[in-house]
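Subject: Structure handover

Hello,

Here is the structure for you to take over. Please open it first, then read my notes below.

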Amino acid sequence: MKHGFYYDFELPRPITEEDLKDIEARMREIIAEDHPFVRRVITPEEARELFKDQPYKLELIEDILKRGTDEYGNPLPPGQQPVLTTYRHGPFEDLCRGPHVERTGQLNPKAFKLMNIAGAYWRGDEKNPMLTRIYGTAWRTPKELRQYLNWLEEAKKRDHRRLGRELGLFYFAPEEIGPGIPLFAPKGEIVRHLMESFVREVQTRYGYQHVWTAHLVKQNLYRKSGHLDNYAEFMFPPMVDGEDVYRLKPMNCPSHMTLYKKMGVHSYKELPLRFAEFATLDRYEKKGELQGLTRVRALTQDDAHIFCTPDQIEQEFLLALKIIQEVLNRYRFTDYRVRLSLRGKGEKYIQDEEKWKQAEGALRAALKAAGLDYFEAEGEAAFYGPKADFLATDVLGREWQLSTIQVDFIMPARLGLTYIGPDGKEHTPVVLHRAVTGTTERFLGILIEHFAGAFPVWLAPVQAVLIPITDRHVAYAREVAEKLRARGLRVEVDDGPERMNYKIRKAQTQKVPYMLVVGDKEVAEGTVAVRLRSGENLGPMSLEAFLQKAQEDIEAGV
RNA sequence: GCCACCGUAGCUCAGUCGGCAGAGCAGCCGCCUCGUAAGCGGCAGGUCGCGGGUUCGAGUCCCGCCGGUGGCUCCA
């Protein structure tokens, strides 16, 4: 772990926060006793005897010996033989690969803290029993510990769930509407709208066409596509209408592919055909997995399906990468990593060596051409083909998948898609599934944390607030607001009875980019006094000068 | 879904040993007319998540459910 440690236990009773205090106290005693850590290489027989009462340890031992893996089940580096080692301090000897510090006394008794308790499946498999995991954090000095705890507090203030409410962007009504189904207030809706308009503009520029397919789909289509077999647990229960059974749409691919078919016979000359849609999908996510906007049950993908020939995969993949890069850059969003997800061993991947090889080669070539750093992950591919995923980190260090581009060899054939090739014969197109920001909801959640709620001017729900100093300046403030609105800015007038300082504070906490203060001087000169949310006071300027400043900021994306 | 914890006013939180439900902010009304991060006074606001149980008496104790938080598993 990055900032600490954890250890899993099987305990006879639930552990409480108070227990953690006692354990910390005991840990401090052990540190004070300054035991040396003693490493020992043991034989399999010794190991089995030593840990005979600890079934989980025995399982680890057998695994290390049998499969030559380390304690996490990962393969050892080539050439290395499995070795069983223990570390002992005082009377406690534990199976451990190490390394350790030399003595318990080297730890700072004031620089660690047990943080929380959580359940964790044995070896991360939900079929296994659940153990109790205790998380802790450890630092060199008490100061570093304090800084870390402080950082955690600051991170909580950036949490998109909290900022979403404080900034009036969105709300959840789990009791009334349902868990994981967000409600967007006017300020949140305008941000969504701006995000989607932006992606739509970029996609259009890159030759994508937008389509619309509805939310209800006959279940039979999902039977044909294979989703009913593989995806049923993520779908809301069926709606029965006499003979017909409908489902809420959990993804667009079958709808887009049906549209492709309905549009008639396709020639290879039409390809690639790129269908994009901002579609709200409904997925029955498990309740414990829901989390703010990053994991919801109603999600809007900026989805697209590209119908192409096999030898167009590389160019289309590259085009999609370019769109993603352009969009992420506009958000000044650089904190992500790219994963090339490849097939692993196993039955679930469709068996067609040639197609996999061709697609994987095309993806690598395109990633290289796009100049993207990426890492490869075996066993992360979809069963129908390899993919590239963009992973972003939220303010608390949790990683989320945003953009994705996936190659699909199988669904087009299942749904009977064809095009007529130059040879006059029918062929099955390859389909690329791809999402730029992933979903509007998750991306917005990450963006809120990324900007700590202070959206760049082009995205800010309210771009400027007019702050009249006294009542007699309200009419002028309204007049200015109208003029700015006419020029396309999103402007509000704070005409409440409070004092100017209060209104500035309010605008400041709402992270409004520009505060336009107007008093006697501004009315007389036809200006506005511009204050930025950074606290910087630009002083009075004409409306034209302000509009130019705003325009520059919008273009610069600040 | 699983493990642990939590649920009191719109928000943040207090409420002792089981004995009359509280504060700040936000809201509403009034006063103040003010130059770059909270002016002053007043008023209103509650099925203590829901249902059951124990008790003379439950926000407080017990059981079930709903919802949330942190993890685990899964995922855009």
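Strand E1 and strand E6 (residues 130–138) run antiparallel and are joined by six bridges. One place to look is phenylalanine 9, which stands opposite threonine 132 in E6. Please keep in mind that this is a predicted model.

E1 and E6 belong to an open sheet of three strands, in the order E1-E6-E5. Its pairing is antiparallel. The edge strands are E1 (4–9) and E5 (112–121), and each of them pairs on one side only. From one strand to the next, the twist averages 25 degrees.

Two helices lie across strands of this sheet. Helix H1 (residues 17–33) lies across E1, E5 and E6. H1 runs at about 125 degrees to E5. Helix H4 (residues 142–158) lies across E5 and E6. H4 runs at about 50 degrees to E5.

Now the backbone in the loops. In general, most residues other than glycine have a negative phi, and most peptide bonds are trans.

- Aspartate 34 has a positive phi of about 55 degrees, although it is not a glycine. Aspartate 34 sits in the loop between H1 and strand E2 (38–42). With a relative accessible area of 28%, aspartate 34 is partly exposed.
- Arginine 123 also has a positive phi, near 60 degrees, and is a residue other than glycine. The loop between E5 and E6 holds arginine 123. Its relative accessibility is 33%, so arginine 123 counts as partly exposed.
- Leucine 271 and proline 272 are joined by a cis peptide bond, with omega about -5 degrees. Proline 272 is in the loop between helix H9 (253–262) and strand E13 (273–282).

Next, a helix pair. How do H6 and H10 cross? The axes of helix H6 (residues 186–205) and helix H10 (residues 313–330) come within 10 Å and cross at roughly 145 degrees. The crossing of H6 past H10 is right-handed. On the H6 side, the contact is made by Phe198, Val199, Val202 and Arg205. They meet Ile323, Glu326, Val327 and Arg330 in H10. By class, this contact of H6 with H10 has five nonpolar residues, three charged ones and no polar ones.

H6 itself has 20 residues. From its first C-alpha to its last, H6 reaches 28 Å, close to the 28 Å expected at 1.5 Å a residue. Which residues of H6 are buried? They are Gly188, Val191, Arg192, Leu194, Met195, Glu196, Phe198, Val199, Val202 and Gln203. Among them, Phe198, Val199 and Val202 are buried and also meet H10. After H6 comes glycine 207, whose phi is positive, near 90 degrees.

Valine 465 has glutamate 492 in E23 as its bridge partner.

Last, the whole chain. How many helices and strands does chain A have? Chain A has 17 helices and 26 strands. Its C-alpha atoms fill a box of roughly 90 × 75 × 50 Å, taken along the principal axes. Of the 558 residues in chain A, 46% are buried. Take the contacts in chain A between residues at least 6 apart in sequence: 69% of them join residues at least 24 apart.

Best wishes

How values were computed. Residues are numbered from 1 along each chain as its sequence is written. Chains are lettered from A and ligands numbered from 1 in the order in which they are written. This is a predicted model: local features need pLDDT of at least 70, side-chain atom pairs count only at pLDDT 80 or more; totals for chains, interfaces and linings use all residues. Side-chain values use heavy atoms; hydrogens and water are left out. Axes are lines fitted to C-alpha atoms, for helices over the stretch in contact, and angles run from 0 to 180 degrees between N-to-C directions. Helices (H or I, at least four residues) and strands (E, at least two) are DSSP runs, numbered from the N terminus. A crossing is left-handed if the near helix is turned anticlockwise from the far one by less than a right angle, and right-handed if clockwise. Contact means heavy atoms within 4.5 Å. Ala, Val, Leu, Ile, Met, Phe, Trp, Tyr, Cys and Pro count as nonpolar, Asp, Glu, Lys and Arg as charged, and the others, Gly among them, as polar. Two strands pair if DSSP finds at least two bridges between them. The expected span of a helix is 1.5 Å times one less than its number of residues. Buried means under 20% relative accessible area, exposed over 50%, partly exposed in between (1.4 Å probe, protein chains only).
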